[in-house]
Amino acid sequence: MEIPSTSEEAEPAADFLKPSFAFILILSVIACTHSGKKTEEAHALLRSDTIHITDEKKPVAIAGKKSSKPKKKIYLTFDDGPNNGTRNVLDIVQEENVPVTFFIVGEHVFASQGQRHNWNRLKAAGNIEICNHSYTHAHNHYDRFYELPETVVKDMEKTRDSLLPETNIVRAPGRNSWRIDSLQYTDIKKSKPAMDSLQKAGFIVVGWDLEWHYDPKTFLVQNTAEEMLTMIDSAFARKRMRYPNNLVLLAHDQVYHSSADSLQLRTFIQKLKNRDDYELALVSAYPAIRKHRVLADTTRAAIPAADTAKSPKTDTL
Ligand SMILES: [Zn+2]
């Protein structure tokens, strides 16, 4: 609700009242003797922030204006599915109707009938996005995996070719590295050649700004929903993110297998939905990725048709 705050805005109301001031004063005295309550209401009306007299002839009602301030974006991402936590996560985000991104591991899709079923559910779900988190997840031997950049690229290509031909957005297993045009960051320097190779092969590598941590032995979350919100507020306040006002949050499907932890996830999402200053979005809407796509489309449009046919498959977004 807007409240007139300047003296220029308040002035016309006083002018409007001047000519008949004596008459109003008499009426007010009479009214006071009849009903103190009515006088209070009249004064409340003059003080009201919904009616503001700006012109002598026609009072103008000013409706409460909604803030046009852009919302800060949060990209909630879930890694390592499909697994036994995926079903719970999918149920919650569908019921709460929020956009989230799943970074899946190719091998997990074929590991069991149940995981294949979860994969089919992910593919059929609306309002979510599925991106590539490698085929093998390095079998959790990251140092050895990243020593061979060609193997890393082939591993990503295997998931892309077998399951996700429509996206080139990937997350490197076990590494918080970024490659989106000039947005470059490598957390462990020994992995740099492999990350560069992924980018050269046409992949967009997305890391994270904040993680919802869990205990790797028990797979239980280490932060409550309330604590996560506090950490998010702090990250925005301190500008701890790769791209201003855009925060990528990492979570893991498997953690929400337990009912207590899935309750924390639901509570977290509900609390976020109640915040006017935050908005959840899909990773493909991340500003640097949107810009990359516009640039890639422009470049493709400039290439003659014959050359486009020769372009590597990884150029297709
Ligand atoms: Zn992972």
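What percentage of the 317 residues of the chain count as buried? The share is 29%, where a residue is buried if 20 or more other C-beta atoms lie within 10 Å of its own, exposed if 12 or fewer, and partly exposed in between, with C-beta atoms placed from the backbone. This is a predicted model, in which local features need pLDDT of at least 70 and side-chain atom pairs count only at pLDDT 80 or more, while totals for chains, interfaces and linings use all residues. Residues are numbered from 1 along each chain as its sequence is written.

**View 1. The whole chain.** The chain has 13 helices and 12 strands; helices (H or I, at least four residues) and strands (E, at least two) are DSSP runs, numbered from the N terminus. Two residues are in contact if their C-beta atoms, placed from the backbone, lie within 7 Å. Among contacts in the chain with a separation of 6 or more, 76% are between residues 24 or more positions apart.

**View 2. Helix α6, residues 113-124.** The 12 residues of α6 should span 16 Å at 1.5 Å a residue, and the end C-alpha atoms are 17 Å apart, which agrees. The expected span is 1.5 Å times one less than the number of residues. Gln115, Asn118, Trp119 and Leu122 of α6 are buried. Seen down the axis, the buried residues of α6 fall within an arc of 105 degrees, so they line one face of the helix; the arc is that of the directions from the helix axis to the C-beta atoms. An α-helix has 3.6 residues a turn, so residues three or four places apart point the same way. On the other side of α6, Gln113, Asn120, Lys123 and Ala124 are exposed. The buried residues of α6 pack against β3 (72-81), α4 (86-95), β4 (100-104), α5 (106-109) and β5 (128-132).

View 3. Ala111 is partly exposed, with 13 other C-beta atoms within 10 Å. The C-alpha atoms of Ala111 and Asn83 are 9.1 Å apart, although 28 residues separate the two along the chain.

**View 4. Strand β4 and its partners β3 and β5.** Because 5 of the 5 residues of β4 are buried, this strand is largely enclosed by the rest of the structure. Val100, Phe102 and Ile104 point one way from β4, and Thr101 and Phe103 point the other way. Two strands pair if DSSP finds at least two bridges between them. β4 pairs with β3 in the parallel sense over 4 bridges, with Thr77 opposite Thr101. β4 and β5 also run parallel, joined by 5 bridges, and here Phe103 stands opposite Cys131. β3, α4 and β4 make a right-handed β-α-β unit. A crossover is right-handed if, with the strands pointing away from the viewer, the path from the first strand over the helix to the second runs clockwise.

**View 5. Strand β3 with β11 and β12.** In β3, 8 of the 10 residues are buried, so this strand is largely enclosed by the rest of the structure. β3 and β11 are parallel and share 7 bridges; Tyr75 stands opposite Val248 in β11. β3 also pairs in the parallel sense with β12 (residues 278-280), over 3 bridges. The bridge partner of Ile74 in β12 is Leu280.

**View 6. The largest nonpolar core.** A nonpolar core is a set of buried Ala, Val, Leu, Ile, Met, Phe, Trp, Tyr and Cys residues joined through C-beta atoms within 7 Å. The largest one has 55 residues, of which Val170, Leu198, Ile204, Val205 and Leu249 touch the most other members. Strand β11 (residues 246-252) gives the largest share of this core, 5 residues. Apart from neighbours within four places in sequence, Val170 is in contact with Cys131, Asn132, His133, Met156, Leu198, Phe203, Ile204 and Val205.

**View 7. Helix α9, residues 192-200.** Ala194, Met195 and Leu198 of α9 are buried. These residues cover an arc of only 100 degrees around the axis, which puts them on the same side of α9. The elements covering them include α7 (142-146), α8 (149-162), β6 (169-170), β7 (178-180) and β9 (204-205). Just after α9, Gly202 takes a positive phi of about 100 degrees.
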